[in-house]
Amino acid sequence: MTVQTFTPSATKAASENTVTQPTHTTDVSMKKLYIETQGCQMNEYDSHRMADLLGDSHGYVLTTNPNEADILLMNTCSIREKAQEKVFSELGRWRKLKEQNPDLVIGVGGCVASQEGDNIQKRAPYVDMVFGPQTLHRLPQMLDQHQAQVEKPKKEKIKLVDISFPDIEKFDFLPEPRVDGFKAFVSIMEGCSKYCSFCVVPYTRGEEVSRPLDDVLAEIAGLAEKGVREISLLGQNVNGYRGETFEGGICTFPELLRLVAEIPGIGRLRYTTSHPLEFSDELIQCYRDLPQMVSHLHLPVQSGSNDVLQAMKRNHTIDVYIDKIAKLRKVRPDMHLSSDFIIGFPGETDEHFAETLQFIKDLDFDHSYSFVYSKRPGTPASELPDETPEQVKKDRLAQVQQVIKQSSIDKTDAMLGKIERVLIEKVSDKDPNLLIGTADNTRLVTFIGDAAWVGRFAEIEITEIKTLNLVYGELLNLEPDVA
């Protein structure tokens, strides 16, 4: 499980996350909010919106220091094993802060909150609010209810727990996203209806529900007007988007991509996470027709064995996946591919693993999110017999990660002498003459340039490979501002 402190100024080498707001204030009278974010980009997006909500409604500003916060929020993820226990362990540390400051407000949201519900307050009665991914927009009201109880205590404290699934109601109540930078996430749908046997998402985030088309387009147009040049569309099964149109029809994901590409100012498009079943020919044609689409795709497959895929209830075969990637690389030969792999799924034999390892080599993945299988309570796979020793699973995982790491190194090395389209994002902190941007394949590119170019796209010839994710280059062409 990934655990990070939610600070809008935080950046990662290959991250698309740049929707930010200030994190520090010298006014000690300001009310301060600390958010710890676990897990995926959807959770990162949700944490940003929590900060927007409480900033607009109650004037809270973000802090990176939990010791000075007036509110502590934990946005949880339940993908990995023992996620609940890790949450309660962290809450134990937060309890000490509440003992020092009885006015401190503690809230738990996200997928573990959906799973555990009021059990969180039973085990940790010092937690004041519990909310799910679909009810984070009700945080201001929950906070008001909590404050009312503090000011006028009743005999029996009302439990503030809301883990319901009110479709996409939350988007109607969220304020306009704050922007500081040139990239932004836009959530276009919630939940998943695939019910893979290992996955807890349908139970914690609900079934697939798409935002109306006009709402999505309006949000992106607003971001573009504020200077955003790269959009990352988000959803648990993002290419399954089926948004209602103003006329009452349905807009598919490929149709949405074409409409977003027409919005002035948007020069680059990404999306995550997609499913092979809905990676259609129409979607592949978008890569042929839309230059805004990056030559980088994250398409989870989970295993290279058909037997394992069947046990996972992925409802596709390896041949289907390979055929789709072949079609994609025909229209985009420079496509960089990443994926998800679960190693050591119940019943995975040495032969199954060998098939997966060969599949990874054949498809030449750039990078991956790969993990040893974690049993998730309530999922069908949790009932399957699992006789593979843990050390064998770890050894298999190490082999997978080594193969993909070497592939990633080779792909970075192959950039030498190539021309990359780069979104210029900032001036280097170390040298004001150096600019830093991101290529389609997520590598950071540094080159000499003028600070006035920040926010524009440029063609850069790569002249030096520094690290796996960092290269140097020289400017060949500065594109006109796309606004």
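Across the whole structure, a search turns up eight aromatic pairs, where rings of Phe, Tyr and Trp (its six-membered ring) pair if their centres lie within 6.5 Å, with planes under 30 degrees apart called stacked, over 60 edge-to-face and the rest tilted. This is a predicted model, so local features need pLDDT of at least 70 and side-chain atom pairs count only at pLDDT 80 or more, while totals for chains, interfaces and linings use all residues. Residues are numbered from 1 along each chain as its sequence is written, and side-chain values use heavy atoms, with hydrogens and water left out.

One of the pairs is Y34 with W94, edge-to-face at 6.3 Å centre to centre and 75° between the planes. Y34 sits in strand β2 (residues 32-38) and W94 in helix α2 (residues 83-100), so the pair ties together parts 60 residues apart in sequence; helices (H or I, at least four residues) and strands (E, at least two) are DSSP runs, numbered from the N terminus. Y34 and W94 are both buried, meaning under 20% relative accessible area, as against exposed at over 50% and partly exposed in between (1.4 Å probe, protein chains only).

F345 and Y373 also make an edge-to-face pair, with 5.2 Å centre to centre and 75° between the planes. This pair links distant parts of the chain, 28 residues apart: F345 is in the loop between β16 (336-343) and α13 (350-363), and Y373 in the loop between β17 (367-372) and α14 (390-413). Both F345 and Y373 are buried. As for clusters, Y321, F341, F359 and F365 come together in a single aromatic one.
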